[in-house]
Amino acid sequence: MPYTAPLARYQTLQAGLDLLDQGLSIFDAELRLVAWNSAYVRLLDFPEGMACIGTPFDTFIRYNARRGEYGPGDPEALVAERVAAARTFAPHDIERVRPDGRVLHIHGEPLPGHGFVTLYSDMTAQREAERTIREHSVDLENRVAARTAELASSEQRVRLVMDSIPALVAYFDRHRVYRYINRGYRDWFRVDTTRPEQASARSFLGDAVYAVVKPYALRAMAGEAVSFEYELVTSTGDRRAVRTSLVPERTADGTFAGCFELTFDITEQKRAQELLVRTQKLEAMGHLTGGLAHDFNNILTVVIGNLAALADARPGDALVPEYVQPALDASRRGAELVKGMMHFARRQPLQASAVDALALLQTVERLVRRSLPEHLELVIDAAGAATPLWAWIDPSQLEQALVNMILNARDASRPDGRITLRLRPVVLDAGAAATLQTATGEHVRIDVEDNGAGMDAHTLAHMFEPFFTTKQPGLGTGLGMAMVYGFIKQSGGAIDVHSQPGRGTTISLWLPASGGVEAQRAMPAAVPAEAGWRGLALLVDDDAQVRRVIRRNLLELGYSVLEADNGAEALQLLTHTDNIALLLSDVVMPGSVDGREVARAARAQQRAQAVVLMSGNAPGDLQVPGVPLLTKPFTTAQLADAIEAGRP
């Protein structure tokens, strides 16, 4: 005989279900309502009293259709279509946006020979990155075992309902003997669900995990409802983060009768939370790094420009190779270092275009092959790419990023190891996109996978930070992976890493997909300065020392130079000065007019024959369509290239 009356248990189940934020409904084989909870009525905003035993399924559908839940169309046709689909009793898992903007996740499972059970979850808050983790955590805390009340059918029907819930549901009595376990325990631990009394938590959890769980179980047996998080390992070796809630049940006289146990897999939620924290930390570091890079680029523009001019002016002076040239070389190395910081801060100008991802991987393979040990295998796995996969990305920057990642994989691998470049088309839904902090839709995924040493938790937590490195001093700056991270995020993509010590590392890139080949305008080759006068150049920059250096570059190219130290003054000079051959303007300057506005005005009014922008790493979108962007510091040859590219 059961230890408690079925009716009392069903009443307990119904009370528990009504506490759920998640809605539940059960329709029988004739599509009549037999069970539900209060959240079902609330989430779908049905009138009070509509939900009752025997209410036909099409009553709810017709109500929804008439108030526009399914969009435009004949309500009866919409009803007929959904009723016909329901009669197939097929599993379904969908999301629907209600007219009021709320997003509902609807998951239905058939009950063989009995109808189907459906769960309704309000996913609206989870579409916002920061609120996703917090609200989903609250939702997981509040979800309890889905149980029905006053079912007229057998215990088997209750089991079918419990087995359809994506969680582990159990009940143990006051002697800590299991009286009920659902299918989740069989799937995770290969426990025989037909003999729950033989199940041992110590056996299927292991001694270490059991020691963590036992104190909470004792508190629940003392009458306290508890919820706690921990990690366990399934029978297949999968490590999962879980949250367990224990809700004690009391008899009529107030003594402990047993305890309901509900366990959810929160591995992905924890992973998403870690990604969010990492993203926020790197965002803050990016703002700091970008600001430093901007200031240092302006400083290096002055230093390099003046040192180069000094070296050119005194070619025979013995002091030049002894003092000037080393300082110039060091300054140029500093400029390269700042360039890496700009990549991390996502402020490096990019030249995105449609890129054949497989062709680029093949190019990268050829580039790095000679840099790998003879017996280290490097393979491309493009089995999922039946047709060319086009990504919208800067090809040279992607090539550099992949080379960096492959060489890191080489350093972490044995000489006879294996590195795999895996290429796949993927479509990110709203949930996956929110976790990865990127946009939904079609992407091209590239994995760089090795079977090398792997990384511990400390290395994983810091690997994208600038100047963090595990290499010996002098063997790396620690900017490689920081640059990869900044480039991928600036390109609108996503990056993630999976690694364990001794089990290798997989770094995954999600790149925005492109519809196909786009026309690309080739940049002209370097144009040497021509003898003679090339016209009047308007130079706009708020730093007088920077203007002095760049003015020298323009004079070398044969221009006369007119200067302005802010955007408003530049606009006035454009309006009142004829025959301007070149506008060369910094992007960010004090005042309400920036360089982009000056460039647009020059193009729109045709007040300059060539227009070029320059920046020491200003925030935001620097580009103006059709206007080349120079990154400070730059050489006279690079300036000449940009001038030619800046002509209409």
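Close-up 1. Setting aside neighbours within four places in sequence, Ser514 is in contact with Ala354, Trp390, Ala391 and Trp392 (contact: heavy atoms within 4.5 Å).

The model being a predicted one, local features need pLDDT of at least 70 and side-chain atom pairs count only at pLDDT 80 or more, while totals for chains, interfaces and linings use all residues. Residues are numbered from 1 along each chain as its sequence is written, and side-chain values use heavy atoms, with hydrogens and water left out.

**Close-up 2. Val561 in strand 19.** Strand 19 covers residues 559-564. Val561 is buried too, at a relative accessible area of 19%. Leave out its neighbours within four places in sequence, and Val561 is in contact with Leu536, Ala537, Leu539, Arg551, Leu554 and Leu555. As for Ile550, it is eleven residues from Val561 in sequence and 9.8 Å away in space, C-alpha to C-alpha.

**Close-up 3. Thr636 and its polar contact with Asn553.** Thr636 belongs to helix 20 (residues 636-645). Its side chain makes a polar contact with the side chain of Asn553 at 3.0 Å; that term means a pair of N or O atoms within 3.5 Å, where within protein one must be able to donate a hydrogen and the other to accept it, and residues adjacent in sequence count only if both atoms are side-chain atoms. Not counting residues up to four places away in sequence, Thr636 touches Asn553, Glu556 and Leu557.

**Close-up 4. Helix 3 packing on helix 4.** Helix 3 (residues 57-66) and helix 4 (residues 75-86) pack at about 140 degrees, with axes 9 Å apart. That angle makes helix 3 oblique to helix 4 (oblique is whatever is left after under 35 degrees for roughly parallel, over 145 for roughly antiparallel and 65 to 115 for roughly perpendicular). Axes are lines fitted to C-alpha atoms over the stretch in contact, and angles run from 0 to 180 degrees between N-to-C directions. From helix 3, Phe57, Asp58, Ile61, Arg62, Ala65 and Arg66 meet Pro75, Glu76, Leu78, Val79, Arg82, Val83 and Ala86 in helix 4.

Key:
Helix = DSSP H or I, 4+ residues; strand = E, 2+ residues; numbered from the N terminus. Buried < 20%, exposed > 50% of the residue type's maximum accessible area, 1.4 Å probe, protein only.
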